[in-house]
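The following exercises are each followed by a worked solution. Please consult the sequence and the model while working through them.

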Amino acid sequence: MNNSRRMLLKAIAAGVAAPMASSVRAQGTVRRLIAGFTPGSVSDTVARVLSERLKLTSGDTYLVENRLGAGGLIAAQSVIRAEPDGKSILVHSSAFTVAPLLRPKMIDTANLTPLIALASAPTVLVTYPGRRFKSFQGLIEYARANPGKLFAASAGIGTSSHMNLERLKYAARIDITHVPMKGSPDALNEVIAGRADVYFAALAQALPYIKDGRLIPLAIGSPNRTPLLPDLPTTVEAGYPGSEYLAWFGALISTATPAPLMSRLYTDFKTVLDEPDTKRRLVDLGCDPMPMSQAEFSELIRKEFVSNAKLIKEANIKI
């Protein structure tokens, strides 16, 4: 083969290889958002919205992976055990400040660092039309007259729907039997079918069924009213201080992750969360923006661990 032909072949090879190398670089790093709850839950859907936006803006590929069990602690374990290279990021909910208290041997929370708060979601206490009570106060009166005879579904032990229920039970001094399900879609179906009496649902999850009459809203379980149901009071406004519960979603990462990488990931997430399109999509899910610094998010989690530990002890909540 003469020199000119060799040079031609090298040029052709270089021309083919260059786009391939550029394509590989363009894909960036593959990162996984490890979601601890069922597909279709608000936590899972928030993770999927973020993964789509992060792919477009960060240059990295984000995949959502569901690892279910133990109130999200199976997912947390997988992130703790992974290499601290920023390729495994936990997407959890306010259940993160409950599940480790109920299963203290499963994880050491010191191995996870709050990365960024993603959103909060109003909750609404719902029932089905066949019940005798049609109002929140009617529920309280019925529960007091019939201790233990009402059944409340939840998305699982330690989830926001469970803790919202326990806070109400403690504040109102009522006895309602808790029935944990595998996830929020199952819990909602139990109430729609009339097999469970009440459920603290994510507002976005319940709203379509409220509008078509298959569910009756009794009260907002979150600290504040929502413009989506502006006339519906909170459980606190109804006269039960301490019954409210803030359901939030956030990202956490291995504490061993290098600080520069953690800072870069925080910036990537914050950039996406500040985008009008992301905000719109989260609002469409019934979520509220939750702008916080890493320090503020860490302090929120610290305070919730303290308050939830007290509630678990006083209400004698067990697995």
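**Exercise 1.** Determine which residues proline 217 is in contact with, leaving aside its neighbours within four places in sequence.

*Solution.* Contact is taken to mean heavy atoms within 4.5 Å. With neighbours within four places set aside, the partners of proline 217 are Val124, Leu125, Val126, Ile210, Leu229 and Leu232. Proline 217 itself lies in strand β9, residues 216–220; strands (E, at least two residues) and helices (H or I, at least four) are DSSP runs, numbered from the N terminus. The model is predicted: local features need pLDDT of at least 70, side-chain atom pairs count only at pLDDT 80 or more, and totals for chains, interfaces and linings use all residues. Residues are numbered from 1 along each chain as its sequence is written, and side-chain values use heavy atoms, with hydrogens and water left out.

**Exercise 2.** Classify proline 217 as buried, partly exposed or exposed.

*Solution.* Buried means under 20% relative accessible area, exposed over 50%, and partly exposed in between (1.4 Å probe, protein chains only). The relative accessibility of proline 217 is 23%, so this residue counts as partly exposed.

**Exercise 3.** Check the span of helix α11, residues 294–314, against the distance between its end C-alpha atoms.

*Solution.* The expected span of a helix is 1.5 Å times one less than its number of residues.

**Exercise 4.** Identify the buried residues of α11 and what covers them.

*Solution.* The buried residues of α11 are Phe297, Leu300, Ile301, Glu304, Phe305, Asn308, Leu311 and Ile312. Because they cover an arc of only 145° around the axis, they are on the same side of α11; the arc is that of the directions from the helix axis to the C-beta atoms. Exposed on the other side are Ala295, Val306, Lys310 and Lys313. The cover over the buried residues includes α4 (99–102), β4 (112–120), α6 (160–172) and β10 (248–254).
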